[in-house]
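These are my notebook entries on a structure that I looked through entry by entry.

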Protein chains: 2
Amino acid sequence: MKLTSKGRYAVMALVDLARFNNINPVSLRDISLRQGISLDYLEQIFLKLRKKEIVQSVRGTQGGYILNKKAKEIKLINIFEAVDEKVKTVQCKKESKKGCNGKAVKCLTHNLWDELENHINNFFDKKSLEDLVKDNSERRVSNG
Amino acid sequence: MKLTSKGRYAVMALVDLARFNNINPVSLRDISLRQGISLDYLEQIFLKLRKKEIVQSVRGTQGGYILNKKAKEIKLINIFEAVDEKVKTVQCKKESKKGCNGKAVKCLTHNLWDELENHINNFFDKKSLEDLVKDNSERRVSNG
DNA sequence: TATAAACCCGACTAAAATAGTCAAGTATCT
DNA sequence: AGATACTTGACTATTTTAGTCGGGTTTATA
Ligand code: FES
Ligand code: FES
């Protein structure tokens, strides 16, 4: 079970964006440099974030991206959904009555994985971008 | 973020094993047939489970595997560790002071992923094989 | 004591997913 | 005009996963 770079980068980039989001749009170039993420890859990621209306783009010189909602209203789960970083624990199709092994009954562990999926998604439901930004600036202060 | 087949199969096979664990060892062949998991793959998995002393093997005809501990004492986390199904959310080495981007400081999201990892492992810490077996027989009863 | 069932183990491989790169745009500011 | 920056689709290398395969060894039992 591991988190992919795409999901990790999406969140990292948005935290960066949210911190500098005051007045001017933030360019991917800047995020790329600050966070050490490939610019080309960031573009792919932000395309999706824009399509899901998490960010807005500003084209041209001095352009970049700005948040499309308040940081408080952007939850981790929204970010992950936008970039297709799904939590997938069951093997079968949930709606189907068939199990993962093709049999007519759900497998011995189906319910366990379903519980797990909920458990993880709960975490993502609660965390907002605002939380992350705050968390970070607090840490910075307390570190000196 | 998804669960791999190896981890899923390991748990599935052990639940199966635990249910039939009364007197005689359970052969992988039987588990393979009941659960629809490749026998060769199961052998790989059980090799690891044995090395981590979760199961014991009985060689020869009529052989198979038996649990090496009480089902209550086998936690999901032990199973996952045994088959190397680690939960990995941070990118960096935790012990190192360096961040995932190679910089001298942990990245903006490090703490978040660390929290997530704990959140997930908590779930695995709590669930025992016994829970899973019970869960399953209850379901069976209440369904029929 | 031959045979078959079952575990033991290392090496190999096909397929899928991931993590990018690349190329060719379009819009906007100065 | 030129530079900056977003837009988009296609392509590719690498890694991981999910097995397969082949050749063992051990042991019950006919
Ligand atoms: S995971 Fe749903 S039936 Fe096995
Ligand atoms: S995940 Fe640990 S520093 Fe980025």
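Entry 1. I located Asp84(B) in the loop between α4 (76–82) and α5 (110–126) of chain B; helices are DSSP runs of H or I with at least four residues, and strands are E runs of at least two, numbered from the N terminus. Phi of Asp84(B) is near 65 degrees, a positive value in a residue that is not glycine. Most residues other than glycine have a negative phi. With a relative accessible area of 39%, Asp84(B) is partly exposed; under 20% is buried, over 50% exposed, and partly exposed lies in between (1.4 Å probe, protein chains only).

Basis of the entries. The model is predicted, so that local features need pLDDT of at least 70 and side-chain atom pairs pLDDT 80 or more, whereas totals for chains, interfaces and linings use all residues. Residues are numbered from 1 along each chain as its sequence is written, chains are lettered from A and ligands numbered from 1 in the order written, and side-chain values use heavy atoms, without hydrogens and water.

Entry 2. I looked for a positive phi in chain A and noted Glu53(A), with phi near 60 degrees. Glu53(A) sits in the loop between α3 (39–51) and β1 (55–58) of chain A. Glu53(A) counts as exposed because its relative accessibility is 52%.

Entry 3. I followed β1(A) to its partner: it pairs with β2 (64–67) of chain A in the antiparallel sense over four bridges, where pairing requires at least two DSSP bridges. Ser57(A) stands opposite Tyr65(A). The two strands form a hairpin with five residues between them, and Gly60(A) in the turn has a positive phi of about 85 degrees.

Entry 4. I found two salt bridges between the chains, a salt bridge being a side-chain nitrogen of Lys or Arg within 4 Å of a carboxyl oxygen of Asp or Glu. One salt bridge joins Lys127(B) and Glu115(A) at 3.2 Å, N to O.
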